[in-house]
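Here are my notes on this model, as numbered points. Please read them with the structure open.

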Amino acid sequence: LDGDIFVRKLFLYNFKNLRWAKGRRETYLCYVVKRRDSATSCSLDFGYLRNKMGCHVEVLFLRYISAWDLDPGRCYRITWFTSWSPCYDCARHVADFLRAYPNLTLRIFTARLYFCEDRKAEPEGLRRLHRAGAQIAIMTFKDFFYCWNTFVENREKTFKAWEGLHENSVHLSRKLRRILLPLYEVDDLRDAFKTLGL
């Protein structure tokens, strides 16, 4: 693992939700793992990872958590804050992992949406992840604020929003919503049919 605490400049450079983030080739993943015990939850671990030698950070995390020997009778909640959304292959691996561990829930908050040359693959990967039960959202001010206070060696400096943080977050949220919209529409239809007793 890379560690528990981020250097401030490294966090700000990699997590800035710019519309065009040139030169930011690495993906960073901050994580929190909790075990749910009836009404309460117990924090088990937190920290951050980054890509290593051709291995994407999502796969590194799956290897890390697989070694835990999770109790199938207990519920676990994993929260990720990532600098980039997963590529198609990583989304597929994570979706398969979630299907293999039904007692585990995953929430992903991402600073930016990643698209490869084939712009159809990544959206399909995100839809596959969503169908497997992952909750996917774009990071907002409160998520950056939480990361700053949880994962960053901030030396008691308060998190300050950069110019465009809110606007870019809204723009990316709309983009993500358009990607996942067909699935939301299906969910809405299912709910409507349930309500009608059909």
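**Notes on packing and a pocket**

1. Start with Ala95. Beyond its neighbours within four places in sequence, Ala95 is in contact with Arg128, Leu129 and Ala132. Keep in mind that this is a predicted model.

2. Ala95 belongs to helix α3. Its relative accessible area is 0%, so Ala95 is buried. The C-alpha atoms of Ala95 and Leu129 are separated by 5.0 Å, although the two residues sit 34 residues apart along the chain.

3. Now the largest nonpolar core. This core holds 32 residues, and those touching the most other members are Phe61, Ile78, Trp80, Leu98, Leu106, Leu113 and Leu129. Two or more residues come from each of β2 (28–37), α2 (57–66), β4 (75–82), α3 (88–100), β5 (104–110), α4 (121–131), β6 (135–138) and α6 (165–196). The top contributor is α3, with 5 residues.

4. Take Ile78 next. Setting aside neighbours within four places in sequence, Ile78 is in contact with Val32, Val33, Phe61, Ile65, Leu104, Thr105, Leu106 and Arg107. There is also a second, separate core of 19 residues; Phe11, Val32, Phe109 and Trp162 are among them.

5. In soluble globular proteins, nonpolar side chains tend to be buried together.

6. Which residues line the second largest pocket? They are Arg24, Arg25, Thr27, Asn51, His56, Glu58, Trp84, Ser85, Pro86, Cys87 and Tyr114. By class, this lining has 4 nonpolar, 4 polar and 3 charged residues. The space in the second largest pocket is about 190 Å³.

Technical notes. Residues are numbered from 1 along each chain as its sequence is written. This is a predicted model: local features need pLDDT of at least 70, side-chain atom pairs count only at pLDDT 80 or more; totals for chains, interfaces and linings use all residues. Side-chain values use heavy atoms; hydrogens and water are left out. On a 1 Å grid over the protein atoms alone, a cavity is a set of points where a 1.4 Å probe fits but cannot get out, and a pocket is an open set with protein on both sides within 12 Å along at least five of seven lines; lining residues have an atom within 4 Å of a point. Grid points are joined across faces, edges and corners, and a volume is the space filled by probe spheres set on the points. Ala, Val, Leu, Ile, Met, Phe, Trp, Tyr, Cys and Pro count as nonpolar, Asp, Glu, Lys and Arg as charged, and the others, Gly among them, as polar. A nonpolar core is a set of buried Ala, Val, Leu, Ile, Met, Phe, Trp, Tyr and Cys residues joined through side-chain atoms within 4.5 Å. Buried means under 20% relative accessible area, exposed over 50%, partly exposed in between (1.4 Å probe, protein chains only). Helices (H or I, at least four residues) and strands (E, at least two) are DSSP runs, numbered from the N terminus. Contact means heavy atoms within 4.5 Å.
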